[in-house]
Amino acid sequence: MSQEHPQTSQHRSYFKDLSIVLSAYIVAGISTYLAYTYFVNSLGKDSLIQSIILDIFATSVVFLFSLAAGNTSVYDIYWGVATIPLATFWIKNTTQDLFSTKNVFFLILLAIYTFRHVRLYFSHWTGLQYEDFRYVDMKKKVNNNPWLFWILSFISLHMIPTLFVLTAMIPVYDGVIATEITSSWIFFLGVVISIGGIAIEDIADYQLHKWRKTCRPDAFIDVGLWRYSRHPNYFGEIAFWVGLYAMDLGTNGTISWTWVGPLSIFLLFEGVTISMMEGHLLKKRPTYAIQQKRVSRLMFWFRNEKAAGEHEALLQNNQTHHSSVGIQLSQQA
């Protein structure tokens, strides 16, 4: 969840919009099952390759609903919803025990993660009048050209996030198809890290939700966890996936490169999501630059009040200078 309030457009019926979103995922689920039964299942027995094909297919179905509704945010909950079907598919297709200790822990954590994301999303969702500010900005960048926007939406706002989730799930794939836990302390350390990540996300989002009720339009959050990280919710998200990777390390999984899972999530948030959010916040609230000097970008760390104070003084001097120049120009005119 960002520090911004939801972007909205024209008013629509909430329940009609909800039925559209739910229909998108029901149709995607049914059609993906049929695609597997009558086509993908005949392509071979590699469950990872099969899941990639099916996930891309399901994303394409959801995209069609986004296109029909004229709103890319139909896809927004896919990130969390896709994890449980993927893990269950891998377990069943490799004849592993669904209720083995390791698989139960993987599935429980993914279920909590999915529930948290869906609950959070619908707690502030106002219907299909809601659209993420990043999608609105993209429309402006292509001059509201519908053809160009929907091509970019399919590639960068639907397919690429799906591939990131698939990559992040590689440790889960390796873990659930493993035959046993080989290092209990590493496995359960991963469980603790993942639970901690979910808890950090939830606390941070709760603090943000509470702060929004009383904040000024020009303010930025500086309470609770947000006093020590500018994006504690994103830190928690990354920690969740790091924990799943640690759980995989505690099994006898055979893939040696599962580290790409948490790395992909880190690169996504550090390289794209946070940069976009910070740029958006600076554009709307130039004084956010003070917070950038005072609080760590992602990791929890000590506050730098001295640097923030110096930067605040510099901003005030610049504002005073610009005001003086403006007065002089008006007098000369």
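Colleague: Which residues make the nonpolar surface patch of about 700 Å²?

Modeller: Keep in mind that this is a predicted model. The patch covers about 700 Å². Its members are Leu22, Ile26, Ile30, Tyr33, Leu34 and Tyr38.

Colleague: Take Tyr33, then: is it buried or exposed?

Modeller: Tyr33 sits in helix α1, which spans residues 14–38. The cut-off for exposed is over 50% relative accessible area. Tyr33 has 56%, so it counts as exposed.

Colleague: Which residues of α2 does α1 meet?

Modeller: α2 runs over residues 47–69. From α1, the residues involved include Ile20, Ala24, Val27, Ala28, Ser31 and Ala35. Their partners in α2 are Gln50, Leu54, Phe57, Ala58, Val61, Val62, Phe65 and Ala69.

Colleague: And at what angle do the axes of α1 and α2 cross?

Modeller: Two packed helices are described by the distance between their axes and the angle between them. Here the axes come within 9 Å. The crossing of α1 and α2 is right-handed, and the angle is roughly 145°.

Colleague: Zooming out, what share of the contacts between residues at least 6 apart in sequence join residues at least 24 apart?

Modeller: For the overall picture, the protein has 13 helices and two strands, and 47% of its 333 residues are buried. Among the contacts between residues at least 6 apart, the share joining residues at least 24 apart is 80%.

Terms used:
Residues numbered from 1 in each chain as written. Predicted model: local features only at pLDDT ≥ 70, side-chain atom pairs only at ≥ 80, totals over all residues. Heavy atoms only, no water. Helix = DSSP H or I, 4+ residues; strand = E, 2+ residues; numbered from the N terminus. Buried < 20%, exposed > 50% of the residue type's maximum accessible area, 1.4 Å probe, protein only. Contact = heavy atoms within 4.5 Å. Patch = residues over 30% accessible without salt bridge, like charges linked within 9 Å, V, L, I, M, F, W, Y side chains within 5 Å. Areas by Shrake-Rupley, 256 points an atom, 1.4 Å probe, with all protein chains shown as cover. Salt bridge = Lys/Arg side-chain N within 4 Å of Asp/Glu carboxyl O. Axes fitted to C-alpha atoms, helices over the stretch in contact; angles between N-to-C directions. Left-handed = near helix turned anticlockwise from the far one by under 90°.
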